[in-house]
Amino acid sequence: MEKDLKDVNLVEVGEEAKFSFPQAILYGINAVIGSGIFLIQTGLYKDLGPASLVAMAGVMVLVFLLALCFAEVSGYFDKNGGAYQYSKAAFGDFVGFNVGILGWFVTTVAWSAMAAGLSRLISIQIPSLAPHQTILSVVIIILLSLMNVAGIKTSKIFTVVATVAKLVPIVAFSFMTFFFIKHGVDQGHFTPFLQLNPDMTLGKALSATAVTVFYAFIGFETLPIIAGEMRDAKKNVPRAIISSISIVSLFYIIITTGVIAMLGQRILATDAPVQDAFREMVGPIGFSIINIGAIISVAGLNMGESIMIPRFGAAIAEEGQLPAVIAQQNDKGAPIVAIAISSIVTIALLFSGSFETLANLSVVFRFGQYIPAALAVPFLRKRKDMPNKPAFKVPGGPWLIPTLAVIVSLVMLFMAEAKNVVYLVIGVVVASVIYFLLNLNKSKNTSKAQ
């Protein structure tokens, strides 16, 4: 009886440590909003001028197609893994393993780049640290990994605090924007509305802008990866995906509008558009507020990655597709072996000297998750053996939005550099070879046992 009560108490403590629905929304916002929200305006404006706002709105619709697909398929599961779980359930072990291994690798690469990016931002604020950026990045990864070892509750607290902190300057800028739109109109900063880059056709300009905006939204798929750390995941994860992507979209539109209103064509002459625009709104302190906000923003992303990445690898091991030791947990429920592997690989990438190139590849590799997750919608919906019905279903039937989402993904892949797509194909081949080697060993071990 005493043991039963202890088990019940452990379950209650475990649930209390998990992300609530509002906290899940904050995690989703944190996963998307990084340094991009502070930097993309120059890249957007140079090709289309103020008309980039229309292109941004169009791409947001396309991102929503993918987000809606993730929202439905996430409703079938209450465990970690995200696109890996959906692909495995819909298309079998082979496809699931490919999606999982490529996803684990890509997110690790992305964390390496984010840690390096954070150390650079810190060294800009504290110039004396500039010669020690790599060491600073390593320290960041080790500290976050140790925090993760302490359990999801500790990591959750820091992630929520960092997300709220990063939202303060974003909300402040967004609020002030409404008072300065008329100023931008009066100054002629929105006219002519279409200011086409003379070196580009309209089609090329739209393509370049679409890719920039789309890249700024990557990360929305990470929320389902830690579904096992969410309370009532089958209900809350789909709602959190849609809610967080809606909030982020609103911020992107408002902030870009505010930057154009304050700077106009001067956007092209700055590397810190949001900082400069806020300085014009509220004075010199505005620049520092946004700059510190950018540091907090990237720090929050690093925290989110430190939670998500090990649980991605552990989820594959829990399904029996990687050695079981990778899923081993400590008494805080933290996957300590997966944490160690993820942090070691991330640090190794920092010293490889090629992490920036790999970070660019990570965007292309993410379509290895987007496309299977979208295609999983009709396949999982028609299966009669799924344990439950999803809390959310994409409108328009099982094929319309998933098909559009796949088309969008293929168009984005087409826009990417050809060599990056080739690397994606190589990644699939390598993952496939690993799958068959692991299964060959399993077959040999089974035969010996018999």
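In helix α8, Ile152, Ser155, Lys156, Phe158, Thr159, Ala162, Ala165, Lys166 and Pro169 meet a set of residues in helix α12. On the α12 side, the partners are Ile289, Ile290, Gly293, Ile296, Ser297, Gly300, Leu301, Met303, Gly304, Ile307 and Arg311. Please keep in mind throughout that this is a predicted model. Sorted by class, the contact of α8 with α12 has 11 nonpolar, 6 polar and 3 charged residues.

How do these two helices lie relative to each other? The axes of α8 and α12 come within 8 Å and cross at roughly 150°. An angle over 145 degrees counts as roughly antiparallel, and α8 and α12 are therefore roughly antiparallel to each other. As for handedness, α8 passes α12 in a left-handed crossing.

The crossing of α2 and α12 is left-handed.

Which residues line the largest cavity? Its lining consists of Tyr27, Asn30, Ala31, Thr222, Leu301, Gly304 and Glu305. The elements that give two or more residues to this lining are α2, residues 21-32, and α12, residues 285-318. By class, the lining of the largest cavity divides into 3 nonpolar, 3 polar and 1 charged. The structure holds 1 cavity of 30 Å³ or more, and about 40 Å³ of space lies in the largest cavity.

The next pair of helices is α6, residues 93-125, and α13, residues 336-352, which pack at an angle of about 55° with their axes 9 Å apart. That makes α6 oblique to α13. α6 passes α13 in a right-handed crossing. The residues that α6 brings to this contact are Trp104, Thr108, Val109, Trp111, Ser112 and Ala116. Those of α13 are Ala338, Ile341, Ser342, Ser343, Val345, Thr346, Leu349 and Leu350. In terms of class, the contact of α6 with α13 has 9 nonpolar, 5 polar and no charged residues.

Most residues other than glycine have a negative phi, and most peptide bonds are trans. Where in the structure is Pro192 placed? Pro192 sits in the loop between α8, residues 152-186, and α9, residues 202-217. The peptide bond from Thr191 to Pro192 is cis, with omega near -10°. The other place is Asp232, found in the loop between α9 and α10, the latter covering residues 233-263. Phi of Asp232 is near 45°, a positive value in a residue other than glycine.

Key: Residues numbered from 1 in each chain as written. Predicted model: local features only at pLDDT ≥ 70, side-chain atom pairs only at ≥ 80, totals over all residues. Heavy atoms only, no water. 1 Å grid on protein atoms, 1.4 Å probe; cavity = no way out; pocket = protein on both sides within 12 Å on 5 of 7 lines; lining within 4 Å. Points joined across faces, edges and corners; volume = space filled by probe spheres on them. Helix = DSSP H or I, 4+ residues; strand = E, 2+ residues; numbered from the N terminus. Nonpolar A, V, L, I, M, F, W, Y, C, P; charged D, E, K, R; others polar. Axes fitted to C-alpha atoms, helices over the stretch in contact; angles between N-to-C directions. Parallel < 35°, antiparallel > 145°, perpendicular 65-115°, else oblique. Left-handed = near helix turned anticlockwise from the far one by under 90°. Contact = heavy atoms within 4.5 Å.
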